[in-house]
Amino acid sequence: MPQPWDYIAKVVNIGDSGCGKSSLTIRLCEGRFNPTHDVTIGVEFGSRIIPVDTSPTAQKIKLQIWDTAGQESFRAITKSYFRGATGALLVYDISRRATFTHATGWLEELRGAADANISIILVGNKCDLGDDKREVPAEEARAWAEGNGIKAFVETSAKTGEGVEEAFVDCAREIYRNIKSGVYDLNDKSHGIKTNTAKASLSMDEQTKVRGGCC
Amino acid sequence: MSLLGILQAQAPPKQDATSTIQTLCLRLSTSTLLEDRRAAIMGLRSFAREYKETVASGGLRGLIGTLSKDSEDVDTIKVVLETLLLLFVKDESNPESSEDIALWLTDEFTQKQENITVLIELLQDSDFYIRLYALQLLVAILNNRPSRTQECILTAPLGISRLVSVLDDKRDAIRNEGILLIINLSNGHTDIQKLIAFENAFERMFSIIELEGGVEGGIIVQDCLQLLNNLLSFNVSNQSYFREMGCVPRLAKLFQFAQEPVPSYAKEQRDANIEYAMKVCRLFVVPGGLGAAANQNAFFNAGILHLMLVIAFSGFSDFPVRAEALRTVADLIHENSPLQENFAQMKVQYLDPTVLPEVQAQQNNPDDLCYVIEGLLDLALLNSSIHAFDARLAACQCLESYFAGNKPVRLHFLNHAINLHAEGDESANVLTCLINLDQDSRGDPYRVWLASVIFLHLIYNDEEAKNLATSFKEGDADAGEEVVTVIQSISANLVAALEHNYDPRIIIGYLMLLCTWLFEDSPAVDDFLNEASSVQSLVSTVKQPSNSNLLIQGLCAFFLGILYEFSRKDSPLPRATLHPILASRMGRDHYVNKVTKLRENPQVRDFEVFRQTNHRKRKMGLPEVYFDHTFIDFLKDNYSRILRAIDKDPGLETHNTINGIPHALNGISVELVDSLKAQLEDKDEELQKLQTTCLTLEQKITQEQHESQRAKEAAAVEVQKANAATETLRQQHDAELRATTQKTRSEVNELEGRIQRIRWEATEAVRKAKEHGDREIAVLRRRVAESEAVVEKEKMERAGEIQRTKAEAEKAIEQVTLRLHSAEKEALFAHESLRKSEEHARESDQLLRASEALKAANERITSLEEDSRRQKSEATTLLEALTTAQSRLEESTKQQAASEVWIGGLETALAALEASLKKEKSTHAHILHGAQGSAAALEVRVNELEARLRDAEHARKEADEAAKQSSAELDDLFIILGDLEEKRKGDKVFFFLFLALCEIYCGG
């Protein structure tokens, strides 16, 4: 049975407890929202295949999403999932400034454990809440992201679904760009990137074709 | 395939795998019918191999939930466990599989205690597959998150107990899986190790080992031994429990196998088992360990030491086994002097070291015995096989343990080696191997190396052994041979080895020995420096431009540092000469560079790490073993000191040991030492002189002693004489004293008599005076009473007379009034003519009568006046009598005063006597002690006398008081007399009043 994807990429969701990491994952993988989600114990896991562009022949990346627990007590466990992650959603809650200030710590921890070329997206969740509840302005978050070498920033709402797809698509595209630019050694299993061997030869052919066209 | 068929029938035809799995997962979590759930689970199982990630992400919770929900249904549980196991299996060819999935599964179990508990409870199920799969799952989980899983199993009720009871399962697959699980579980967790041990794990392990055929059994025996290893490793509590449970003999039993050829297919496993069992033994006797000594004794008593030696010296044992056996022996006797001595007495089979092991096996003859030490030396020094290296090193280690902490053993061994060498004995000898660097030795560089290492352990930090080794000399001077010491022989060999580029191990061996030997041993340094060319050779080695052998260059430099550090001003090559050779010719920086490079060399720096891993790695050529661990410790300890040695001024010496006496470590100025030496010599001379004078003086003293002896005897005679004289003197003095005391006593008696007499006289006088006074007072009182009575009588009389006269007068007055009345009546009758005659008559009458009464009264008054005059005279006579009494009293008081004066005189006499006594006392006191006693008695006497005197004074006071009393009585008498006179005066007043009355009456 041929697999419906070209690459598998490992993505971790990190951020303080109660920011909506699990809700984002559920929204993406199952398309639903549960207003009374239990606190995550250890790690949850989900996956979703995302096309890297809108064309029908677009390459597809399967995102293996590791949704980690934000609580401090699980830090030892969650940390072991950072290894080999190619992408990460660094999530904070726009209505709680503390979750945004803690993002620095999460970023440090992630960079310490994960691959150097990891694609990180800063995600400000719960943007459905009114401006009266907002504690972190979007501009400030965007500036912080740029200042810390984070390529993209997006505000989402797991409740309404706003921006969720965009966040993950951004992440997938970023990873795809990295794959294409040869940042990852695809033979090295320590990366969270795996190629569909059945299709890889094809894609390689395509690549060479494209290159050939260029030359 | 049929299952897939069913699934495909169930699912819509166009569904892909992902959505099928999602459907199955949904069914698993929502179906109420067991059959539906089972079908879903079976479907998931078929996808689990291919689509791990999808099955896991969707179905894991449901699958785990089923374990507790449907625990009654064995078939379902079996499928669930199978599916879970499939998810754990890592499949390299499947891109969806990742380590993260297994980790995630593990976390799903370990983060929820109840999930682990469910798995452990499944072990209760007797179904073969359920038990097996549950165990395999636990092993997989344990491998992924060891410490977390250990905590979970520890927390689960009866967790450990249930796991260990699996070992009793008769089905090998389950039992073996259980052993593997417990091996993993016990790893590094002391509490779990203890709990497992208390579940009777030792007993169970030995039962399984015996069931499997002891060390000849298969891999499972190795697993059991591995488990024992885990339970006992650095766990003192379990070790003592093992010992107390009597497991040591059971361990010993493992080594009691027949020494016979083993088929090659079984040999590898058997040897592995033996080595594992020996490793278990060694866990108990880690050198320096807490219970090491107790364990050593217990193991020895169980015969393990002997069994080890049998294995180590059996022709059927391969070198790796022999090596491990010897290492075990080394640990068993380390620093245990009774065992070390027992060990030396043991005998082992003699193995010809020069033949191949195969031949040894053929020649195996258990009755051909030799002492164990000989066997060890044969193996270490003479067996040149490359394969034997580990065993040779282990034999060396055995000898090291044999010497460790046992000075007599070291000295005995060294003496024995020296004697055998001197006799030219052919047997393996450390000293011979060191001194004779022949062709054989060059072919087998480890011979010299091992000999050096053994010798190093013999003399390391042992002054006595060093001195013994240093003092040994070879060569017969009488026969024209050169006499050489061991150090000289070795240095000659070293120089030859350096010049001819012998194997570095030979050079390093010699240098290790020399470094430790010459360290802190200046006489040995001097011995070495006798041959200046040796130093030249060392310097030129260090100066070689190539970096071909940094170890040798570094060691040579280090050794030169030691030579300089412990050289002296008086050394054959003095410090002052040595210093420029090192600092200029070799170069100070060059020296520092080489020594530092040596220290940084991985062979030195990482020696401790290498040591553990080095032995088994090499296959070809000589092993890369260059250093001994003791030398490495020595090098690392003293590295910085020797590195800095070259900067020390040649004028400063380091005095460490001279004839085994340790001195201060710091440098001491040579001049100071010289001056002190000179002083010492001077003092020695002086001392010599003084000693001779002393001798003569002593002789004199003995002479004088003789003389004094004689003098003493004469003196003794004189003393006797003197004693006699003193005795007579004393007697004389005693007599004198007695006489004087008697005299004084009589005087005292006399005095007492006198005092008594005087007192008697005084009392008599007082009594007389009193009596006289009393008598007179009585007379006076009588007289006073008489006069009072007279006065009373007179008073009465006078009162009677006065009343009578009064009555008469009243009667006369009445008569007069009566007459008056009659006259008045007559007058009334005789009118006025008669009145004049009658008045005349009456007046003449009245006057007549009044004159008559007055006459009588006057007469009475005169008589009364006479009476009073008489009374007055009587009073005056009484007064006179009183005055006489007073005068007499005065006289008696005078007499008393006189007697007081007399007493005072006596007192002065007594004082004089006392003074004389004192004088006598003082005169006699110094002559004799006895006199003091009697003098004291005398004093007591005197005191008595004084007391008596006090009595006399008291009596005198009494007399005084009596006198006072009599005077008081006299005063009373005076008062009475006063009263009397007053009364008399009163009487006189009364008389005058009467007279006045009479006159008034008459006037009227």
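Predicted model: local features only at pLDDT ≥ 70, side-chain atom pairs only at ≥ 80, totals over all residues.
The predictor gives the complex an ipTM of 0.79 and a pTM of 0.64.

**More on helix α33(B)**

- How far apart are the end C-alpha atoms of α33(B)? They sit 17 Å apart, which agrees with the 16 Å that the 12 residues of this helix (532-543) should span at 1.5 Å a residue.

**The nonpolar core**

- The largest nonpolar core holds 262 residues. Leu90(A), Val329(B), Leu511(B), Leu518(B) and Phe559(B) are the ones that touch the most other members.
- Take Leu511(B): once neighbours within four places in sequence are set aside, Leu511(B) is in contact with Leu494(B), Leu555(B), Cys556(B) and Phe559(B).
- As background, nonpolar side chains tend to be buried together in soluble globular proteins.

**Where chain B meets chain A**

- On the chain B side, 12 residues are in contact with 17 residues of chain A.
- Which elements of chain B give two or more residues to that side? They are α4 (52-69) and α6 (99-110).
- The largest share of the chain B side comes from α6(B), with four residues.
- Sorted by class, the side of chain B that touches chain A has five nonpolar, five charged and two polar residues.

**Two asparagines with positive phi**

- For context, most residues other than glycine have a negative phi.
- Asn200(B) has a phi near 65°, a positive value in a residue that isn't glycine. Look for Asn200(B) in the loop between α12 (190-198) and α13 (201-211) of chain B.
- Asn501(B) isn't a glycine either, yet its phi is positive, at about 50°. Its spot is the loop between α30 and α31 (504-518) of chain B.
- Asn501(B) counts as exposed, because there are 11 C-beta neighbours inside 10 Å.

**Contacts across the sequence**

- Val766(B) belongs to helix α39 of chain B, which covers residues 670-829. With 22 C-beta neighbours inside 10 Å, Val766(B) counts as buried.
- Along the chain, Val766(B) and Arg956(B) are 190 residues apart, but their C-alpha atoms are separated by 9.1 Å. Not counting residues up to four places away in sequence, Val766(B) touches Ala959(B) and Ala962(B).
- Over in chain A, Ala76(A) is part of helix α2 (residues 75-79). Ala76(A) is exposed, with 11 other C-beta atoms within 10 Å.
- Ala76(A) and Gly42(A) are 34 residues apart along the chain, and 9.3 Å separates their C-alpha atoms.

**Confidence in chain B**

- Chain B has a mean pLDDT of 83, and 92% of its residues reach 70 or more.
- Where does pLDDT stay under 50 in chain B? That happens over residues 657-666, for which the model has 16 contacts beyond four places in sequence.

Conventions:
Residues numbered from 1 in each chain as written. Chains lettered and ligands numbered in written order. Contact = placed C-beta atoms within 7 Å. Nonpolar A, V, L, I, M, F, W, Y, C, P; charged D, E, K, R; others polar. Core = buried A, V, L, I, M, F, W, Y, C linked by C-beta atoms within 7 Å. Buried ≥ 20, exposed ≤ 12 C-beta atoms within 10 Å, placed from the backbone. pLDDT = per-residue confidence, 0-100. Expected span 1.5 Å × (residues − 1).
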